[in-house]
Each structure stands twice: as C-alpha cells, then as structure tokens.
Amino acid sequence: FRKVTQFTRIAPSQGNVRFLSSSGSLTLASLGLKSEVKTVSANEKNKLQQGISTIEVPKSREKKRVSGNKQGLVKEKNPVDIMTAPFAAKSFSELGIPPLLVERLEKEGFTIPTDVQAAAVPTVLKNHDVVIQSYTGSGKTLAYLLPILSRVGPLKEELSDGYETGKKIDIEAVIVAPSRELGMQIVREVEKLLGPANKKLVQQLVGGANRSRQEDALRKNKPAIVVGTPGRIAEISAAGKLPTHGCRFLVLDEIDQLLAFTFREDMKRILDHVGRRPGARGGESNSPLVKRAARQTIMVSATVPFSVIRAARSWGCDPLLIQANKVVPIESVTPAGSVNIPGTPSTTDSSSNVQPMPDVQSLPPNLQHYYTITRIQHKVDMLRRCVHALDAKCVIAFMNHTKQLKDAVFKLEARGMNAAELHGDLSKLVRSTILKKFRNGEIRVLLTNELSARGLDLPECDLVVNLGLPTDSVHYAHRAGRTGRLGRKGTVVTICEESEVFVVKKLQKQLSLSIQACEFSEGNLVIIED
Ligand SMILES: Nc1ncnc2c1ncn2[C@@H]1O[C@H](COP(=O)(O)OP(=O)(O)OP(=O)(O)O)[C@@H](O)[C@H]1O
C-alpha cells in the first residue's frame, strides 16, 4: 500500500480533530503521519488568504506493494440463493482453478482472490452466461480470465468433454474491449499468466496496428485467445480470416461502452459470428455436451445501466448478474430498482446506452472527492497547485477537448512539472511509450481525454483531476476509478468554474457521495465547509 495518508478536519470553532475515514479506528499517531487539512467555513476563506497559516500536507509518502486483497471476504446470503459459490474464498485453488494456473498466479504475486473474483470464477466455470459488475480496480479482468484459462490453453484442467480430442483449428476465446490501450493491457495480463513460453497463444487485434501482420500472426500462431477492438475484430472476421465459429468464450469488456452506436455494426458482426449462441441451432437440448458446445457470453463493466441488462437478456442464455459477492439471475433485475441490490439508489430505464445510473458500488471505497473553483484561464495553474498540495506522484488529468492538452502540457512543463499528453490522434507507439514513462514515474502528470477513462490500470495513480467536467456520472465514475485501485487510497479533484458548481452537486447526488469544496492555498489543501 501507499502509506495511508489521512487528512484530518479541524473544525475552527471547536479545534477538535476527527477523521474523515469511515473506519474510525485510525489515529494519526498510529499511522505516524501528520497529514492534515484545515477545514474552514466559506466566510473564513478570506482570512486564510490573508496569511493565517494552514497545516502542511506531508511531502513524503512511503510506498509498499499491494500483495492482494486483504479486506475480509464477506460471505453474504445470496438474495435468490441460486448459487452456493465459495464467496469467502481465501485462495484461488478453492475456486476450482486448475493447479497449474494457481501456480502461475502465485508466481505473479496473486494469492488471494478479490470478492468479485471469488464470486465470478466458480459461476463462469459452471458455464453460465454472466454480467460482471464491480467497482473500478476491483479485479474484474482476472475474474473472467481465470475461468477462460482454466478451460483454454496449456494451464487448463484436462476434461473428457469432447474438446480435448482432435486438432484445434478455431479460436476458443474472443475478448472485445472498446480501446486499443485496454485491449493491449488485457493481452499483457493473459501473457503474464500464460508465461513466456506460451505468449503466442494470445493475439492482439487492435486498431491502429498493422492489420496484415495481425492476420499473418493468426495464420502462423493459431492463437487460442484473441483480444481486440470491435472494429478490427469485425474487419478481420468479415475478411474470413478469423475462425471463431467454434469459439467457446466471448467477453465484452466495458460492455456499456460497447453498446454505443459507433460500435453497433461491428458488435453485430462479432455477436453473429463468434461461437454458437446458446439456444440457437440445436441449443434446445439440455444435454451438458450441447450446453458446453454453446458460446458462453461474459459481459463486464463497473457501470451497468439497464441497456446492458436488456442486451444480456437477448445475447445470453439465462444470464446471471454478479455484483461484487452477489449472484442473481438477470431476470430478477428491474429497470427501476438497480437490480434489487440493497442500499443502491434507484435508476430509470432509457433507450440511451449510457444512462447515469452508477452508484457508489461503481467507485472504489477509498476515494476522497473534492472540487475547487477557479476561472477557466487559471485551471492549469490550479492543477499544478493541487498536485503540489497533495504531493501527488502520478496524476491523470482529464480535459474534454484534445486541442487543449498540448497547451496544458506546455504550461506545466514551463513551471518545471513533467507532463505529457495522451490521446487517440497519437500513434500506437507514442501512446505506449507515454504510458510506459508514466508507469515508471518519468511523467508526473498525464493530460488526457476520455480515451483513458475506461479500464486503464495504472496502479500508481494517486490523483485524478477533472479539468473539464465529465459529461455525466458514468463518466465521472470511470475517470475517478483510475485512482484508488485495489484498495489503494486515491484523491479525485474537479476543478470547475463558479457556473459549473451545480453540475458537481448533481454528480454528488447521483453518485451518492460527498464531493467537498476545497482550495489549494500556500501548498495546502484547505477544505471549505459548504
Ligand atoms: N487477486 C488479486 N490480488 C492482487 N492483485 C490483483 C488481484 N486481482 C487483480 N489484481 C490487480 O488489481 C488491479 C486492478 O484490476 P483490474 O484492472 O482487473 O480492475 P477492474 O475491476 O477491471 O477495473 P476497471 O473497472 O477500471 O476496468 C490490477 O493491477 C490487477 O493486476
């Protein structure tokens, strides 16, 4: 873990200290930290600006590696009690994963399954079609990769189910992601698990890369798994160069985004040509072999609007919805009730694909949310002050227009802050070089657009800044989710104009979270009481 940096709030009238943490058991002394933030009422702001001192936010933070999900894996009674999955699994082997794969996981430092993995892996291993919803950074990628690698490739368990005989000609799993970066990231994750000797069993088919080279690799390597963007997969499929009719797994990662109009034609091609849909052509039979021969569809996102539920009903066979450690049949999900999950705000159905229905479950629990007001022309400077005040090391700042990014980078660099822009107009090579530099700390602030909001796993990111407001709460949730991954602490700051504050208030309400007003003054974060 990044050493826990606990901000405290000092009520000016009482002078007493209380923690913003919900745990309640932490003390500054126990944490060995002095990180403090002064809270002032709005009308005390002026005094503060006139030189009344504030308390320093610490300038140094220790880093430790995250070795696993140490949070208690709570066994909850399933509302519809259709599965008795080991929701309190303490190890991957308990989930029914073959020993070779468990060994690989351990080698890569994965020892304890996260909640969503504990729920999803056994469910997918039982051949169910599923929608997996869990907050950003909770480990959804492994939640679907592990069951696939338990059935496909060299780490699988040996089953006498008719799949082991004969020479494999078809691709066995197709994973679709809405962006090239996310596609490449998933490829890296699969390669990591397969190990260097079997890397060629996975092939990337992302746009922006050389298509004929991808087709050559498909022909030569005969990969078992392909990962790509909808356009490129559909293109190669339409050219008759993607043998997917016998495919057993179709994964749609960031499913709510894949439902967007721009992907419609490509998605139709993929859904029609990857594997055999359960229920279609002979799928009436209940024989296990027929069921095994049908395609299993796995849909994944941190945000699941009702349009996804509708899509899952039409694309899958009796799909189940997995939400953290709960599993319910999709049929029990209603448009108005955000899926019968207690404690979540209600949602409404709409024909739009991206409906503003995320709830706190879409966001990691360890995030602190703030907003600060400034004029448009001072936003980049405010970003710089914010980075200094929070002593953030790895910052992702979102802007809404690609054209603005270069100027912002220039301004930050001019003030000695390492920054770079990342957007879709850059070549694939430039984008991956920038991401590499960001990962290894050479770039402190990554200025980007919506491209980076989905799925990107940059675990060191400790601060997300919205320089332009996200279009809705779904976009806020995915942007914010680039920090605070897998139990780490993270801060999200929205820098807005006075006239935009009402949007922040609306986001706060829709997401059921507290976005506190703050200022960055003399190197400190100062919380303003509304
Ligand atoms: N069981 C585990 N133990 C330790 N680390 C894990 C485990 N599962 C996943 N991780 C790590 O947690 C990080 C987040 O995982 P992942 O990217 O799959 O999250 P996600 O839920 O898909 O997020 P998003 O919604 O943003 O796509 C990754 O760095 C991953 O390697």
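This is a predicted model: local features need pLDDT of at least 70, side-chain atom pairs count only at pLDDT 80 or more; totals for chains, interfaces and linings use all residues.

Started with R485: an N or O atom in its side chain sits 2.9 Å from an oxygen atom of the ligand. I count a polar contact as a pair of N or O atoms within 3.5 Å; within protein, one must be able to donate a hydrogen and the other to accept it, and residues adjacent in sequence count only if both atoms are side-chain atoms. T141 also puts a polar side-chain atom 2.7 Å from a ligand oxygen. S138 uses its backbone instead, with an N or O atom 3.0 Å from an oxygen of the ligand. I then looked up the cover: the protein hides 93% of the 640 Å² of accessible area that the ligand has on its own (Shrake-Rupley method, 1.4 Å probe).

Numbering runs from 1 along each chain as its sequence is written, and side-chain values use heavy atoms, with hydrogens and water left out.

Next, the shell. I find 22 residues around the ligand, and Q117, G137, K140, T141 and D457 come nearest (near means a heavy atom within 4 Å). The shell splits into 7 nonpolar, 9 polar and 6 charged residues, with Gly counted as polar. Helix α5, residues 140–151, gives the most to it, with 3 residues (helices are DSSP runs of H or I, at least four residues; strands are E, at least two).

Then I checked UniProt. An unreviewed entry puts a "Q motif" at residues 90–118; that stretch is 45% helix and 0% strand, its end C-alpha atoms 9 Å apart. The "Helicase C-terminal" domain is listed for residues 382–526, also from an unreviewed entry. There I get 37% helix and 23% strand.

Last, confidence. The chain averages a pLDDT (predictor's confidence per residue, 0 to 100) of 78. Where pLDDT is low, the coordinates should not be read in detail. The model scores ipTM 0.99 and pTM 0.78.

Notes
UniProt positions are given in the numbering used here, feature names are shortened, and annotations may be inferred rather than shown by experiment.
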